[in-house]
Each structure stands twice: as C-alpha cells, then as structure tokens.
Amino acid sequence: MLKEQRKAESKIGLSDSGTVRTKQSIYDRRKYRVKDVGGAKQISTSYLKALDLENAIEFGLPEVDDRYHIWRVPLKGKDGHKVGEVVIDAYTSLIKQKKTTKKKVLEARLLGRIAKKKKKEVPAPKISNLRNTIGWGDSEELLSQTPAESIDLVFTSPPYYNARPEYSDYIQYDEYLLKMRKIIHQCNRVLNEGRFFVINISPVLIRRASRNESSKRIAVPFDFHRIFIEEGFEFIDDIIWVKPEGAGWATGRGRRFAADRNPLQYKAVPVTEYVLVYRKKTDKLIDWHIRKHPEQGLVAASRIEDGYEVTNLWNIHPAHSKKHPAIFPVELAAKVIQYYSFKNDVVLDPFAGIGTVGQAAIQLDRRFVLFEINEIYIKEIKKNIESWLHQKIEDVNWINCEPVIPVKQYIKF
Ligand SMILES: C[S@@+](CC[C@H](N)C(=O)[O-])C[C@H]1O[C@@H](n2cnc3c(N)ncnc32)[C@H](O)[C@@H]1O
C-alpha cells in the first residue's frame with residue numbers, strides 16, 4: 001500500500017500543465033518552495049536569460065527527484081537534442097550551480113561541438129640520470145643522499161643475522177630487523193614508481209651452544225615480509241632458488257635423523273633459498289611502464305628470449321668466493337635483472353659484497369649502484385672491476401673511496 005502511494009507521488013509533476021494530481025501532494029507535505037513544473041520552468045527561464053541563452057533553448061519535461069529534493073529541468077536545442085539540465089533545490093528554489101550544465105558546455109553543444117574535458121596528463125616513467133656508482137659506507141646513510149625515484153630495480157641479499165660468529169654485524173635480532181627496516185624504507189624512497197625490490201633471503205640457523213641446547217632456525221624471510229608490506233611494498237612472487245643436492249649438507253641438519261631415524265627428530269636439509277619479489281605500491285599497471293617508456297627502442301631491446309624460467313623453481317648452482325663467505329651467483333643476479341628491468345635502467349644493491357650485481361648489470365647493459373660497508377669487499381670490487389667494467393671505469397662515481405685508475409697499455413714502437 002505504501003509502495004503504491006509512493007509510486008503515485010513520484011509521478012507528480014510529470015504533467016506539463018503544472019497541475020498537481022493528488023489532493024495533498026508530496027510538495028505540500030515536504031513544504032517545497034518549488035511546487036510544480038510551471039515553477040521549475042520559470043526559475044530555469046530566469047537562469048537562461050542571465051546566460052543570454054533563453055532564445056536558443058527549449059525545455060523538456062521537468063521532473064522532481066524526491067530522494068534528493070531537487071527538480072531537474074531538461075534543456076534542449078531547437079532540434080530537440082538534449083544539451084543539458086537545470087537543477088533546482090526544491091526547498092529553497094535556488095539553482096544548484098555545481099549540478100547544472102555550465103554555459104560553456106551548453107554553447108558548445110548547441111553549436112554541435114563536444115565541450116572538451118581537460119585531459120589529465122598521465123606522466124611518463126622517469127629516466128634516471130645516475131651514473132654507475134660505488135659507495136663505501138652504511139647503506140642507510142648513503143641511500144639518504146641518493147635522489148628520490150632514481151633507481152629502477154633493487155636486487156640484494158641482506159647481511160646474515162648471527163649466521164657465523166665471525167660474520168655477524170648484528171647481535172640482537174630486533175636491532176637487526178630495525179636496521180633492515182630503515183634501509184628498506186630508504187630503498188622505497190629511491191625506487192622509481194611501481195618498480196621492483198627483489199631479495200634473496202633464507203631462514204638462519206643458530207647453532208646450539210652446548211649439547212643440552214637445541215639449535216634454532218629463525219624464519220627471517222617472514223619477518224622481512226612484514227617489513228616490506230609496512231614500508232609500502234606489494235608482494236608479487238616467491239621464487240625458490242633450488243641448489244643441487246648436497247648443497248645444504250654443510251649445515252649438519254638431518255645428520256642425526258639419518259643415523260637414528262626416530263620420529264620427531266626429522267629435519268629437512270635446506271637446499272633452497274627464497275627470491276622474494278616486491279613492487280613499490282602504485283596505481284599504475286605494469287603496462288604503463290612498457291607503453292609509456294620514453295625510449296621504446298630500449299623496451300624492444302630488453303625483450304626476453306626463449307629459455308627463460310617459466311616456473312618459480314630456479315635451479316642454479318651456488319657460487320663461492322675465498323674473499324666473501326656469502327655471495328650469490330652472477331647467474332641469479334642476471335636472471336633477476338633481465339626479468340625486472342629494462343636496458344639502461346639503474347640497478348641498486350645496498351649490500352653489495354664483492355659487487356656481483358654490478359657485474360651482472362654491466363653484462364646486461366644496465367647501470368649499477370653498489371653500496372658496501374666493509375672496506376675489504378670494496379677493495380675486492382676495486383681489484384676486479386676493470387675486468388668486468390672495461391673502459392666504462394672512467395665514468396664511475398666513487399663515494400668515500402679513491403677511484404680506480406685504469407691501467408692503460410702503451411705500445412712502444
Ligand atoms: C649477503 S652479503 C651480500 C653479498 C653479495 N650479494 C655478493 O654477491 O657479493 C651482505 C653484505 O652486506 C654488507 N653490509 C652489512 N651491513 C651493511 C650496511 N649497513 N650497509 C652496507 N652494507 C652492509 C656486508 O658487509 C656484506 O658484504
């Protein structure tokens with residue numbers, strides 16, 4: 001019953017005569033100032049007069065919208081095409097300027113033109129002007145001096161927390177995580193919009209101190225995951241780097257079980273590491289980076305050939321160095337760089353070690369930024385850099401360290 005009454009009421013005003021069909025109309029009950037079609041047309045005529053358009057425009061059938069308490073008066077050109085509307089506040093009889101079609105738009109439509117909306121300019125991705133850079137020092141500090149949005153990809157593996165007593169810069173786990181958070185925060189700032197942060201990381205084994213204690217495994221990747229999300233990254237992928245069988249036996253895990261075979265003693269020998277992929281938060285689609293790249297030739301030249309890794313299981317032999325206890329293989333860095341950057345992009349490793357990321361970046365025609373805190377590893381980079389950077393060595397930006405002077409060979413005649 002109520003529904004029907006409402007239906008009938010909402011039809012009120014559809015008559016062009018301006019008469020009200022029911023005895024006590026909705027207008028009376030709601031105390032509208034504009035009570036009928038005639039009143040709405042009258043207000044609209046005054047409005048059009050003020051715009052100097054009263055002779056060019058005719059009215060369609062005004063309607064009341066009793067949800068919002070407004071009258072809508074359709075405006076038509078002489079040929080009968082709708083060109084806009086006047087919206088009137090039914091209570092006050094004032095024109096609702098924001099909702100009423102603007103003079104400029106009406107004129108354009110009357111002349112058969114489409115009033116152009118100002119198109120919002122979609123910016124193109126930025127091209128960084130950073131040179132190949134090697135910096136000796138704490139990454140947190142060096143990153144704070146790096147320009148915002150000047151890096152196109154971060155690939156790194158963080159320092160181990162207490163992995164080996166001789167290789168432990170961080171004693172308290174919370175302190176370690178806080179330091180990593182600060183560096184991840186800075187990386188987010190220097191990363192270009194929507195670009196990737198790829199991290200090679202794995203749980204850490206804390207060996208038991210005595211026979212009465214058990215060893216512990218700390219799930220470092222999961223703590224890092226939380227930090228990435230809190231610092232403005234979106235999770236993209238979990239790639240598993242699989243090392244050939246035998247690679248994890250050095251940890252001693254599973255040896256006891258192998259001998260005794262008691263349930264509960266089972267421990268899997270770790271032969272994998274994570275390669276976790278995050279993206280700096282953005283509303284831009286990946287497609288935007290490709291379509292709007294200012295140098296389309298570089299996009300074409302960066303296309304990946306057949307034989308790429310199709311699944312998230314990557315079988316790669318680990319690398320070893322007498323100079324550094326925890327390097328990753330150039331092959332791993334090369335895959336990540338190929339899949340997550342274009343040629344000429346700038347790839348950052350904030351924990352550079354002996355510079356594996358720089359080496360892979362140069363092989364693939366990318367630029368690099370390497371920061372490393374340990375002087376021994378900086379020296380190691382300097383010792384080998386000429387062999388992988390060749391003549392480009394003269395253009396390197398050295399921070400806190402003396403540049404490497406290229407050895408030039410002079411042939412005497
Ligand atoms: C896992 S290693 C990286 C090795 C590297 N991926 C390679 O292949 O040579 C981590 C490195 O981070 C460095 N490091 C630790 N804390 C640092 C900091 N605050 N700033 C810069 N480097 C740091 C360590 O000295 C170590 O060389």
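Where is the place of E149? E149 sits in the loop between α5 (139-144) and β6 (151-156). This is a predicted model. In it, E149 has a positive phi of about 50°, although E149 is not a glycine. Its relative accessible area is 27%. Buried would need under 20% and exposed over 50%, so E149 counts as partly exposed.

D52 also deserves a look. Its phi is positive, near 65°, and D52 is a residue other than glycine. D52 lies in the loop between α3 (37-51) and β1 (58-59). Relative accessibility here is 65%, so D52 counts as exposed.

Now step back to the whole protein. It holds 13 helices and 15 strands. Of its 413 residues, 43% are buried. Take the contacts with a separation of 6 or more: 63% of them join residues 24 or more positions apart. The protein exposes about 24,800 Å², and carbon and sulfur atoms supply 51% of that area.

Next, turn to one pair of helices. Two packed helices are described by the angle between their axes and the distance between the axes. Helix α6 covers residues 173-190, and helix α7 covers residues 220-230. They pack at an angle of about 40°, with axes 10 Å apart. The two helices are therefore oblique to each other. The crossing of α6 past α7 is right-handed.

Which residues in α6 and α7 meet? From α6 come Y173, Y176, L177, M180, R181 and I184. From α7 come V220, D223, F224, R226, I227, F228 and E230. By class, this contact has 9 nonpolar and 4 charged residues, with no polar ones.

Note on methods. Residues numbered from 1 in each chain as written. Predicted model: local features only at pLDDT ≥ 70, side-chain atom pairs only at ≥ 80, totals over all residues. Heavy atoms only, no water. Axes fitted to C-alpha atoms, helices over the stretch in contact; angles between N-to-C directions. Helix = DSSP H or I, 4+ residues; strand = E, 2+ residues; numbered from the N terminus. Parallel < 35°, antiparallel > 145°, perpendicular 65-115°, else oblique. Left-handed = near helix turned anticlockwise from the far one by under 90°. Contact = heavy atoms within 4.5 Å. Nonpolar A, V, L, I, M, F, W, Y, C, P; charged D, E, K, R; others polar. Buried < 20%, exposed > 50% of the residue type's maximum accessible area, 1.4 Å probe, protein only. Areas by Shrake-Rupley, 256 points an atom, 1.4 Å probe, with all protein chains shown as cover.
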